[in-house]
Amino acid sequence: MATSASAYENDIKNLKATELTLGLPGTHLQQNVPIIDQEKSSASSSSNKRPLQLSHEETSPAQDCGSKCSNIAKNTDDDAAPPPSKAKIVGWPPIRSYRKNSLQEQSEAAGGIYVKVSMDGAPYLRKIDLKIYGGYPQLLKALENMFKLTIGEYSEKEGYKGSDYAPTYEDKDGDWMLVGDVPWDMFVTSCKRLRIMKGSEARGLGCAV
Amino acid sequence: MKKAAYSFPEEVLEHVFSFIVSDKDRSSISLVCKSWYEIERWCRRKVFVGNCYAVSPPILIKRFPELRSVTLKGKPHFADFNLVPEGWGGFACPWIRAMAGAYPWLEEIRLKRMVVSDESLEIIAKSFRNFKVLVLSSCEGFTTEGLAAIAANCRNLRELDLRESEVEDLSGRWLSDFPDSYTSLESLNISCLGNEVNLLALERLVSRCPNLKTLRLNRAVPLDRLPNLLRGAPQLAELGTGAYTSEMRPDVFSNLAEAFAGCKQLKTLSGFWDVLPSYLPAVYPICSQLISLNLSYATVQSPDLIKLVSLCEKLQKLWVLDYIEDDGLEVLAASCKDLRELRVFPSDPFGLEPNVALTEQGLVSVSEGCPKLQSVLYFCRQMSNAALNTIARNRPNLTRFRLCIIEPRSPDYLTLQPLDDGFGAIVEHCKDLRRLSLSGLLTDRVFEYIGTYGKKLEMLSVAFAGDSDLGLHHVLSGCDNLRKLEIRDCPFGDKALLANAAKLETMRSLWMSSCSVSFGACKVLGQKMPRLNVEVMDESGPPDSRPESSPVEKLYVYRTVAGPRLDMPGFVWTMDDDSALRIS
C-alpha cells in the first residue's frame, strides 16, 4: 500500500515537468490554486479540480506547451483512474484548527475576487478569479483561451492594436477602463467586471482621449 | 520552631532562597530537611503546575500560602488536534475561586489549554488588587465580556496575552473599557480575536502606555491604521500586524515604510494575514534588526519570501509556510547564520499531491548552513533515511525535532524502507534531544533506538508507527527522562503498559488513542497504581458494556496526589480501586 502510494507520488513528480498550469513557463503555481483545491479535495477525488470547469478546453491547451493552464486539463487528459479520495483522519496532519481555518479563510477571502466576464456576442457570461493570475499576460492568455480569440499585446499608446477585441473593465467608480492601463495590483483590487469589446467599438478605444 | 545552634536564622535562609528561582531547584531545597521545607514553602512566590489534575487547589494553597504567580496547564497536548472531545475538563474556575480567597496579592495567572469562563475573568478582575499578568494560551470558554471586566478593573495590568485562545467575540467594545488613566500596559496580544476592536480606543491606549513593548494585533486591524499605531509606540520590540493588505496606494506604502523605519527597537514581527506582496518591502528597513519572524500566515510565494528573509541576518527564529520551498530554505541557510528555530507549516495539508517544491532537501540545507539550529518543526511530503542521517550528523545540537511527513506511514521515498535508521541517527547523534515527534513508516526498531539513545528525551509524540508492544516497551523502559508520551493509532497494547506501570508514576502523563489497550488492562492498571489516574474515554458508551478484551478508544494516564477527579463528563471513566468495580 505504501509502495504503490509512493510510486504514484513518483509518477506525479515526473509529470510536474509537463504539468499544465495557468501562468507563464517558469512561474510557480499561483498560491491560491491549491488552496481552492483544498476545499474540493474532500468532495471530489481529484484534488486539482478548480471550481471553474474548463471542460471544453481539455485538448487544445494541452498542445500549447508554452502556456500553462488549469490543472483540470491535465486530469481530464489523464487516462489513469483518479487518485482515491482520502478519508480525512481526525487530527491529522497535526495542525491547530485556527491555522487550518486561517488558510481557508485567506483563500476564501483572497480567492473571492471573482468577476464576471462578458464578451460581445457571446450568449452567456463567464466568471474568473483574478487572484490566481500573476499579471496581465496570464489573464489575457486565459481570456483568449476561454473565448477562443486573439487579443494580442497591450501597448500604452495604442491599446490592443491589431486585434478585433479589446478587454475592458468596470472599475470601482463605475468607469469603463482598458485592461492594462494601471498596475496589476491596483487593477485586481479595483476591477468589478470584465467586458471584451468587439469590432469597431474596440478599435476606437485605443486612440481615444 | 527548634533551631540548632549552628543553623542560620530563618531570615537569612529565606534571603538565600530568594535567589533560587527554578522550580527544580526549589523542589530540591524543600527536600533537604523539614525546616528548609517550611521556610521554602512560605517564601515560594511562583508555582508551575504542568497538569491541573495532578494536584488540587486546597493542596496547593495549603503548601504555598504566599504565591504571587501561578501557571496551570489543563488538557493534554493532543487536544490541539481535536482528539480530546468537548467537555473533557481543564476547568479553571475552581482554581480561580480558591486563589481569589487565598491569594489577595496574586499578580500573575498563566493558563494553557484550560476552559475559562467570563465568570472566572470577573473574579480575577475583582479579587486581585495588584494583578499584573494574564496569559490565556490556547484557552476557551470566555467572551469579550470577560475581557471587558479585566480591562475595566485591573489598574496595574501589565500583560494581557490571549495567544491562540478561542474567544467568543461579541464586540470590539471591550478595549474601550481600559480607563483613560490606565497607562501600565507592556504587552497586549489579541491576535486570536475575530472582530474589529475599537480602533480609536486602541490607538489612544497604545500611545498612552509608554512601556508597551509587545503589541500583537488581530487580523481585523487594517493595514492603513498600522502606521499611526507604530508612531504611537516607537519603543515597540514585538509587533504582530493585522491584515497585511490594502488597496494599492503609494501613500499607504510610504507611510507604512516610514513608520516601520521609526521603530528602532523592533525585533519580532508576526501577523501578515492576506499579504499583498508589493507591501512586503515596507518592512525591509528593519529586517536587519529582526531576531524573530512569524510568516506562517503569509500566503506569498518563494521569491517574495526569499527577498525578505535574505535581509534578516540576525534572525534566530523563523516560522513560515512551505511556500518558501527548498530554494528559499537554501537562501535562509546562507543568510541567517544565527538561526536557532525553524518551523515550516503546510499550505495545503489535505491536498493529495505536493503543491510546492519543498522536500527533505530544504531541511538538509538549513541543517548544513545554520550551526546554531536547535529546534525544528517541519511538515513535508517525502523523507529519506539518508537525509535524516545527514541532518543528525550536521546538527548534533538539536534539542527539539518534530517531523511530520504528511502521508501516514510513508517510507523512505528512495529506498522504500522504513525510516527507523534515519530517526535512529537523530536520537543517537543529538544527545541533548528533549522533544521528538515521529512520522513516516516505522517499525519497532525505531523505538529500540529511542530507548537506547534517547536518554534526555522528555517528550515523545508517535502516530501510525510500530508493530507490537515491544515498541512501547523500549520507550518506557529506556527513556530515563521521559515526562510526556503521546501515542495515536499504534498497535501497542496491554503487555508493555502493565509491565512498565511503575514508570508511569515518574512521568507527567501518557496518552494513547486508537491503540490496542484493552479495558481489562486499564482496570488492572488503575487498581495496581493508586497514585495514577487512569482515565478511559469512550464516546460510544460505557466500556463495561463491551467485553474486557475490547480496546478502549482513548486512554489518558497521569500521576496525581489529588485522587480521581470529580468533574469528568459522561464519556470519561476513571479506573481506580473503587470505580473499577463501581462501573459494573
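The model examined here is predicted. In it, B:Asp80 forms a salt bridge with A:Arg96, and the closest N and O atoms are 3.7 Å apart. This pair crosses between chains. On one side, B:Asp80 sits in the loop between β2 (69–73) and α5 (93–102) of chain B. On the other, A:Arg96 sits in the loop between α4 (71–77) and α5 (97–110) of chain A. Side chains of opposite charge can pair when their charged atoms come close.

B:Asp80 has a further partner within chain B. Its side chain meets that of B:Arg113 in a salt bridge, at 2.8 Å from N to O. B:Arg113 lies in the loop between β3 (108–112) and α6 (118–127) of chain B, and B:Asp80 in the loop between β2 and α5, so the pair ties together parts that are 33 residues apart in sequence. B:Arg113 and B:Asp80 are both buried. Over all chains, the structure holds 31 salt bridges.

Another of these bridges joins B:Glu40 and B:Arg63, with 4.0 Å from N to O. Distant parts of the chain are linked by this pair. B:Glu40 lies in helix α3 (residues 34–43) of chain B, and B:Arg63 in helix α4 (residues 57–63) of chain B, 23 residues apart. B:Glu40 counts as buried because its relative accessible area is 0%, under the 20% limit. B:Arg63 is partly exposed, with a relative accessible area of 25%.

UniProt, in an unreviewed entry, places the feature "domain: F-box" at residues 8–49 of chain B. This span is 62% helix and 10% strand. Its end C-alpha atoms lie 31 Å apart. At the surface, B:Phe8, B:Val12 and B:Val16 form a nonpolar patch. Together these three residues have about 270 Å² of accessible area. B:Val12 lies in helix α1 (residues 10–17) of chain B. With a relative accessible area of 35%, B:Val12 is partly exposed. An α-helix has 3.6 residues a turn, so residues three or four places apart point the same way.

The domain assignment of chain B gives three entries: domain 1 (1–44), domain 2 (382–477 + 487–492) and domain 3 (499–583). The C-alpha centres of domain 2 and domain 3 of chain B lie 27 Å apart. Their contact takes 10 residues from domain 2 and 12 residues from domain 3.

Helix α18 (residues 469–478) of chain B is mostly covered. Seven of its 10 residues are buried. These are B:Asp469, B:Gly471, B:Leu472, B:His474, B:Val475, B:Leu476 and B:Gly478. The buried residues of α18 pack against several helices of chain B, namely α17 (444–453), α19 and α20 (501–504). They also pack against strands β18 (459–463), β19 (484–488) and β20 (509–513) of chain B.

One of the elements packed against α18 is α19. This helix spans residues 494–499 of chain B and includes B:Ala499. B:Ala499 counts as exposed because its relative accessibility is 58%, over the 50% limit. The C-alpha atoms of B:Ala499 and B:Leu339 are separated by 42 Å. Along the chain, these two residues are 160 residues apart.

Chain A has 209 residues, of which 46% count as buried. Its secondary structure comes to eight helices and five strands. From the N terminus on, the elements run α-α-α-α-α-β-β-α-β-β-α-β-α. Among contacts in chain A with a separation of 6 or more, 59% are between residues 24 or more positions apart. The accessible surface of chain A comes to about 10,700 Å². Carbon and sulfur atoms account for 54% of that surface.

Within chain A, A:Ser118 is found in strand β1 (residues 114–119). A:Ser118 counts as buried because its relative accessibility is 13%, under the 20% limit. Leaving out residues up to four places away in sequence, A:Ser118 touches A:Leu125, A:Leu194, A:Arg195 and A:Ile196.

Technical notes. Residues numbered from 1 in each chain as written. Chains lettered and ligands numbered in written order. Predicted model: local features only at pLDDT ≥ 70, side-chain atom pairs only at ≥ 80, totals over all residues. Heavy atoms only, no water. UniProt positions renumbered as here; feature names shortened; annotations may be inferred. Helix = DSSP H or I, 4+ residues; strand = E, 2+ residues; numbered from the N terminus. Patch = residues over 30% accessible without salt bridge, like charges linked within 9 Å, V, L, I, M, F, W, Y side chains within 5 Å. Areas by Shrake-Rupley, 256 points an atom, 1.4 Å probe, with all protein chains shown as cover. Buried < 20%, exposed > 50% of the residue type's maximum accessible area, 1.4 Å probe, protein only. Contact = heavy atoms within 4.5 Å. Domains from an automatic or database assignment.
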